[in-house]
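User: I would like to learn how to read a few features of a model with two chains. Please take them one at a time.

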Number of protein chains: 2
Amino acid sequence: MKNQDTTPLRGVYAAVLTPVDDDLEPNKKAFIAHCRWLLANGCDGLAPLGTTGEANSFSVAQRLALIETSAGAGLPMGKFITGTGSCALADAVALTKAALAAGSGGALLLPPFYYKNPSEEGLFAFFSEVVQRVGDARLRLYLYHFPQMSAVPITASLIARLKNAYGDVIAGLKDSSGDWNYSAKLLEEFPGFGVFSGSEQFLLANLRAGGVGCISASTNVTAPMAQAVYRAWQRPEAEDLQKALTAARLALQAFPFQGGLKELVAGMTGDRQWRNPLPPNRPLTAAQRDDMLARLHDMPGMRAILEPA
Amino acid sequence: MKNQDTTPLRGVYAAVLTPVDDDLEPNKKAFIAHCRWLLANGCDGLAPLGTTGEANSFSVAQRLALIETSAGAGLPMGKFITGTGSCALADAVALTKAALAAGSGGALLLPPFYYKNPSEEGLFAFFSEVVQRVGDARLRLYLYHFPQMSAVPITASLIARLKNAYGDVIAGLKDSSGDWNYSAKLLEEFPGFGVFSGSEQFLLANLRAGGVGCISASTNVTAPMAQAVYRAWQRPEAEDLQKALTAARLALQAFPFQGGLKELVAGMTGDRQWRNPLPPNRPLTAAQRDDMLARLHDMPGMRAILEPA
């Protein structure tokens, strides 16, 4: 393990998009360049290989290669929360070990998401096996609560059991439910738990309630606006900054997410490979693209990002 | 490719359970022994590495090793329909290639099941990439329709597009929806399509409607009873045989499926490792086990299987 510092992870995170080349292999060069842009434009840290990064659509070998590439490129791995989830225990363990070995500050772990309605006992067994097989006290796991996508919620009761068994290793949670009340409930029940909101729409509310920041798909483009909120969150002007940020987020999520965000990065970088879709995700239609660009163009904050002077 | 014959695949199939050793690795010896028992006791063919086989809970490496082990053990691979699904295109391709190279008569392919509500266009792109990257006209794909588990249905419209593009390569479908009307509709719309019912409860109805058989979890133990129905399906006595088979199936599915079936095989083989649960699945509780055994003991057909003279 290298690079790792022990600063608690917090702030604005992007759930980093993964570009693919024409053969549908991860485009490592474009990926690293995008990571650098994000870190230079408002991101405190990065969360690659999550839902937005289409991790589950890549093979384990492709994911491992992307982790190694990131470390090899000298990115600040200690600020990374790398997605290492898999339905397969052995793969989740291998990915989590690799992320830790590469210096990743945290690992974002989905529950096993193939079987529906698993018992709490079964989920506890899965996460326990991961923690025990990784076998490293420096591990910092962030549980990934995204019931609309995984269909397997991370309940407060499960968190309590895991924290009781593994303490600081169970470092936090990404709440992608879109239900702000759930984050609030967890922060009340588990003070100091590292709760990231899955949407920058709730960034200010989350920070005020004791949460640590956001890990969001749309911060792949809204990062500068999200950072403005993060810097100002204890000051009155945070309200207006959050309003502008929320408007941008809501406009973006009105379109297919992967396709829309990749379209915007393609436009910003001039690299057409960013538009390549990885099945089953699809690119925007021309009409969707025009509609999205028109809506974003009317927002000064977004215009400054998409069309820098 | 070896072993492969060109007889259309039909009859009674078990979705083969995968035993794990105390370290949660596939127990290859017990797996092969169970495959042999199934083939000697009513199964016309085998469908390993599906939902019942907990394929998605095993790493790609573990799945590939199990395919090689089956071929190496001299099992009749031409009668296999091997589960090769993965959310990751590259893994689905690697597994399907390996199954074909091992002589597997068919491959049972899930849709990519992480992203919910994917477009038909996106699903078509995924299956198309698999077919084209495998690039072998001998491939026989069985689409895996299990909306309760995958959350991604295989629609008639998608089947039509795939059959139109790839002809005989799109050989059939496993209908695990539990909705017999869906199988009937597909058989009407696609005459000759290789529709397997996902439950032996619908075996007789499926055969009468032009379907080819069943691929079922519970045939891991009910195979002798299911074979009796299959042999008799054009004769009047088939009705009563199906009634007894249906009763057994309904009793079994009243309990957690993996756990219950593994408990029964543990009892039949005397091998306690069959009880090892692979997270997130769990074993039966003692009360569930006693309840299940009592119910099955009252059925002469099941008693003959579980307690042979």
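Predicted model: local features only at pLDDT ≥ 70, side-chain atom pairs only at ≥ 80, totals over all residues.

Analyst: Residues are numbered from 1 along each chain as its sequence is written, while chains are lettered from A and ligands numbered from 1 in the order in which they are written.

User: How many residues does the contact take from chain B and from chain A?

Analyst: Residues are in contact if their C-beta atoms, placed from the backbone, lie within 7 Å. The contact takes 32 residues from chain B and 32 residues from chain A. On the side of chain B that touches chain A, H4(B) gives the largest share, 6 residues. Helices are DSSP runs (H or I, at least four residues) and strands likewise (E, at least two), numbered from the N terminus.

User: Which residues of H2(A) are buried?

Analyst: A residue is buried if 20 or more other C-beta atoms lie within 10 Å of its own, exposed if 12 or fewer, and partly exposed in between, with C-beta atoms placed from the backbone. In H2(A) the buried residues are Val60(A), Gln62(A), Arg63(A), Leu66(A), Ile67(A) and Ser70(A). They line one face of the helix, because they fall within an arc of 165° seen down its axis; the arc is that of the directions from the helix axis to the C-beta atoms. Their cover includes H2 and H3 of chain B.

User: Which backbone angles stand out?

Analyst: Most residues other than glycine have a negative phi, and most peptide bonds are trans. Leu24(A) has a positive phi near 70° and is partly exposed, with 19 other C-beta atoms within 10 Å. Glu54(A) has a positive phi of about 55° and counts as buried, with 25 C-beta neighbours inside 10 Å. The peptide bond from Pro279(A) to Pro280(A) is cis, with omega near 10°. Pro280(A) sits in the loop between helix H11 (257-269) and helix H12 (286-297) of chain A.

Key. Contact = placed C-beta atoms within 7 Å.
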